[in-house]
Each structure stands twice: as C-alpha cells, then as structure tokens.
Amino acid sequence: VESSAKTGAPPAVAKREMLRFYGPALGIFLANPLMSNIDNAIIGRASGVAALAALSPGTVLSDQLLFLFSFLGRATTGMVSRANALGGIPKAR
C-alpha cells in the first residue's frame with residue numbers, strides 16, 4: 001500500500017475537513033431557492049392565484065439578483081485565501 005505522500009493524494013484528515021465544510025456551504029447555496037419555493041407553495045395554497053401572481057416576479061427578481069452577485073463571495077474567498085497564504089491580509093492591499 002502506497003502512502004498518500006507518494007501518490008499525491010490528500011490525507012484522510014484533509015478530506016474529512018473538506019466534507020465538514022461542504023455540508024454547510026451546500027446548505028447556504030441551496031437555502032434561497034428552497035425558501036422561495038416554500039413561500040410560493042404556501043402563498044399559492046393560502047391566498048390563491050392572484051397573490052401568487054403578485055409574489056412571483058419578486059421571487060424571480062430576488063433569486064436572479066442573488067445568483068448574479070454570488071460571484072462576489074467566490075472571488076473574495078480566493079483573494080483572501082491567497083493573501084493569507086502570502087503572510088496575512090495586510091499584504092493583499
């Protein structure tokens with residue numbers, strides 16, 4: 001059996017840490033569309049078609065804006081991690 005150092009594979013501890021991060025990150029990413037669908041289902045059932053028709057444009061707009069600006073979190077995460085690897089946040093500026 002080859003060690004992970006010889007094969008270049010990450011150690012098992014790093015994989016476990018990555019999976020501990022993955023769950024909440026996936027939950028955060030899926031929370032807004034899931035809540036929008038729940039809101040639409042409740043309003044559609046409780047108030048009818050007219051209220052659902054009034055709610056839908058706002059739901060679509062907020063979902064699209066969130067998707068449009070989601071690049072900010074991804075871009076800044078990479079920038080901060082590179083700055084941290086170089087020795088701290090002050091060097092990033």
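The legends below describe close-up views of a predicted model.

**View 1. Packing of helix 2 against helix 3.** Helix 2, which spans residues 12-47, and helix 3, which spans residues 49-68, have axes that come within 9 Å and cross at roughly 175°. Because angles over 145 degrees count as roughly antiparallel, that crossing makes helix 2 roughly antiparallel to helix 3.

**View 2. Residues at the contact of helix 2 with helix 3.** On the helix 2 side, the residues Asn32, Ser36, Asp39, Asn40, Ile43, Gly44 and Ser47 meet Val49, Ala51, Leu52, Leu55, Thr59, Ser62, Asp63 and Leu66 of helix 3. Sorted by class, this contact has six nonpolar, seven polar and two charged residues.

**View 3. A nonpolar patch on the surface.** Leu61, Leu65, Leu68, Phe69, Phe71 and Leu72 form this patch, and together they have about 590 Å² of accessible area. Helix 3 and helix 4, the latter covering 71-85, each supply at least two residues of the patch, and helix 3 gives the most, with three residues. One of the patch residues, Leu61, lies in helix 3.

Methods: Residues numbered from 1 in each chain as written. Predicted model: local features only at pLDDT ≥ 70, side-chain atom pairs only at ≥ 80, totals over all residues. Heavy atoms only, no water. Axes fitted to C-alpha atoms, helices over the stretch in contact; angles between N-to-C directions. Helix = DSSP H or I, 4+ residues; strand = E, 2+ residues; numbered from the N terminus. Parallel < 35°, antiparallel > 145°, perpendicular 65-115°, else oblique. Contact = heavy atoms within 4.5 Å. Nonpolar A, V, L, I, M, F, W, Y, C, P; charged D, E, K, R; others polar. Patch = residues over 30% accessible without salt bridge, like charges linked within 9 Å, V, L, I, M, F, W, Y side chains within 5 Å. Areas by Shrake-Rupley, 256 points an atom, 1.4 Å probe, with all protein chains shown as cover. Salt bridge = Lys/Arg side-chain N within 4 Å of Asp/Glu carboxyl O.
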